[in-house]
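Trainee: I have a model open and some labels I want to understand. Can we go through them one by one?

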Amino acid sequence: MPLFSHRFSTASSSSSASPSYYSKPAKGHKPNSSASASYRIHVAIILFSLVSVFIGVAGTIFAITSAGGPTSVYRCGGTKDTFRVSGSRKLGGDGGKGGVLHERRKLLGFVGIQTGFDSVDRRAALRSTWFPSDPDALLRLEQATGLAFRFVIGRSKDAKKMADLEEEIKKYRDFVILDVEEEYLRLPYKTLAFFKAAYKLFEADYYVKADDDIYLRPDRLGTLLAKERLHPQTYIGCMKKGPVITDPKLKWYEKQGNLIGNEYFLHAYGPIYVLSAEIVASLASSRNGSLRMFNNEDVSVGSWMLAMDVHHEDNRALCDPRCSPKSIAVWDIPKCSGLCNPENRLRELHKVEMCSKSPTLPPDDIEQ
C-alpha cells in the first residue's frame, strides 16, 4: 500500500513591526498600556505557531505509522488461511472473532472444492494427490498457476462433526466455512453462498466450482483460464441437455419440472464449471430469495445463466473419463457424477504418469 503522509504547513509570524499609534494617553490611563497590548498579541502569535508545528509533526508521525503496515489480512501460509463467512458480512480467518477483510486477494482464479462432513477420506485422498497438503505448498501452487484452492463447507448442528472439522482446520488451514447448513438437498443454496463469499474474499478473473471427487490438473486449468476471451460474461464447463426427470423415485428428480418442459436447457455438468468475474459480481449482488432454486444445483446455476447475457463455452477437457494429453479434470462421466469410489481412484490415477506428470499444454493447444 503506498505510504500517504499528511503535511501541515505551520503559520509563521510576520517579522515586520506592528504599526505604532502616536497619541497622547487619555487621562487616567497609564502611558504603557499600548505597549502591554502589543506584547500580549505577540505572545499569542508565538503560542499559535508552536501549537501548529506540534499538530503538523503529530499528523505526519500518525500517517507514517498507520500506513506502514500491510492492509490485507490474507496470506497463504499464515494463520488466516481458513475463512469463515458469516451472515453479518464480517469476513476473516480469525477463528470466528469477527475480523473484517480489508482487501481482496487478486488472482487469476479461485477454486472452491465443495466438500461435506462425510468426506474426510476424500479430502485425505485429495491432499495425497493433486491438492497440496500444507499452506506453504498451497502458496507455491498459487504462485505457479495464479489459482487459489480451498475446501468449501457449510455448518452442522452436530457438535461432534463441528469439533472434528475444527481439528482438521487447525491442522491444514485450507477451508472456507460458509454460514449455511451443509445438506445435500440444499446444494443450490450452498453454491450461491459460495459464489457470494468467494467474490468478497478474492478479486479473481474467474471463480471455479469443483467437487471433491474429481482428479484435477491445476496447471492446465490455469492455462485454460489465462486464454483471452472476447465475452466478459463467460460460463465454462461440459455443457449438456437432456430430458427432465419427473419420476420421484429417481435420483435426479426435479419437482419443478413443469416450469422447464420436456428437456433441460443447456447447462454445465455439476462436478466442475467456471464463471467469469462479471457473472459472479451479479450473483454476489443478488438479494436472498431472488433466484429460483431447482432440486439440482447444476440446473439451478444453468437457469441463472439464462437470465444473463452469458457465453456458454463447452470444453470437454473438463469432463474427460480418462487421463489424456489434454485432460484438465478427470471423472467417470456418465457412470458417476464424479469419480466412482474416489478415495481409491484418486490415488490410482495419481500414480499414472499421464495423469500427474504429463506436460502442461500451451493455451493454443486446448480444444474447446
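Mentor: Start with contacts: two residues are in contact when heavy atoms lie within 4.5 Å. This is a predicted model. In the protein, residues 24 or more positions apart account for 77% of the contacts with a separation of 6 or more.

Trainee: What makes Cys238 and Cys319 a disulfide?

Mentor: Their sulfur atoms are 2.1 Å apart. The cut-off is within 2.5 Å, so the pair counts. Cys238 sits in strand S8, and Cys319 in the loop between strands S10 and S11, 81 residues apart.

Trainee: How is the link of Cys323 and Cys355 handed, left or right?

Mentor: Right-handed, with 100° about the S-S bond. By contrast, the link of Cys238 and Cys319 has -100° and is left-handed.

Trainee: Why is Cys323 called buried?

Mentor: Its relative accessibility is 14%.

Trainee: Why is Cys336 called partly exposed?

Mentor: Cys336 has a relative accessible area of 24%. Partly exposed runs between the 20% limit for buried and the 50% limit for exposed, so 24% falls in that class. Cys336 forms a disulfide with Cys340, with sulfur atoms 1.9 Å apart.

Trainee: Why does Leu185 count as exposed?

Mentor: Leu185 has 66% relative accessibility. Exposed means over 50%, so Leu185 qualifies. Leu185 lies in the loop between strand S5 and helix H5. With Tyr184 and Trp252, Leu185 makes a nonpolar surface patch of about 360 Å².

Terms used
Residues are numbered from 1 along each chain as its sequence is written. This is a predicted model: local features need pLDDT of at least 70, side-chain atom pairs count only at pLDDT 80 or more; totals for chains, interfaces and linings use all residues. Side-chain values use heavy atoms; hydrogens and water are left out. Patches are made of residues with over 30% relative accessible area and no salt bridge: like charges are joined within 9 Å, nonpolar side chains (Val, Leu, Ile, Met, Phe, Trp, Tyr) within 5 Å. Accessible areas come from the Shrake-Rupley method with a 1.4 Å probe; for residues, only the protein chains shown count as cover. A salt bridge is a side-chain nitrogen of Lys or Arg within 4 Å of a carboxyl oxygen of Asp or Glu. Helices (H or I, at least four residues) and strands (E, at least two) are DSSP runs, numbered from the N terminus. Buried means under 20% relative accessible area, exposed over 50%, partly exposed in between (1.4 Å probe, protein chains only).
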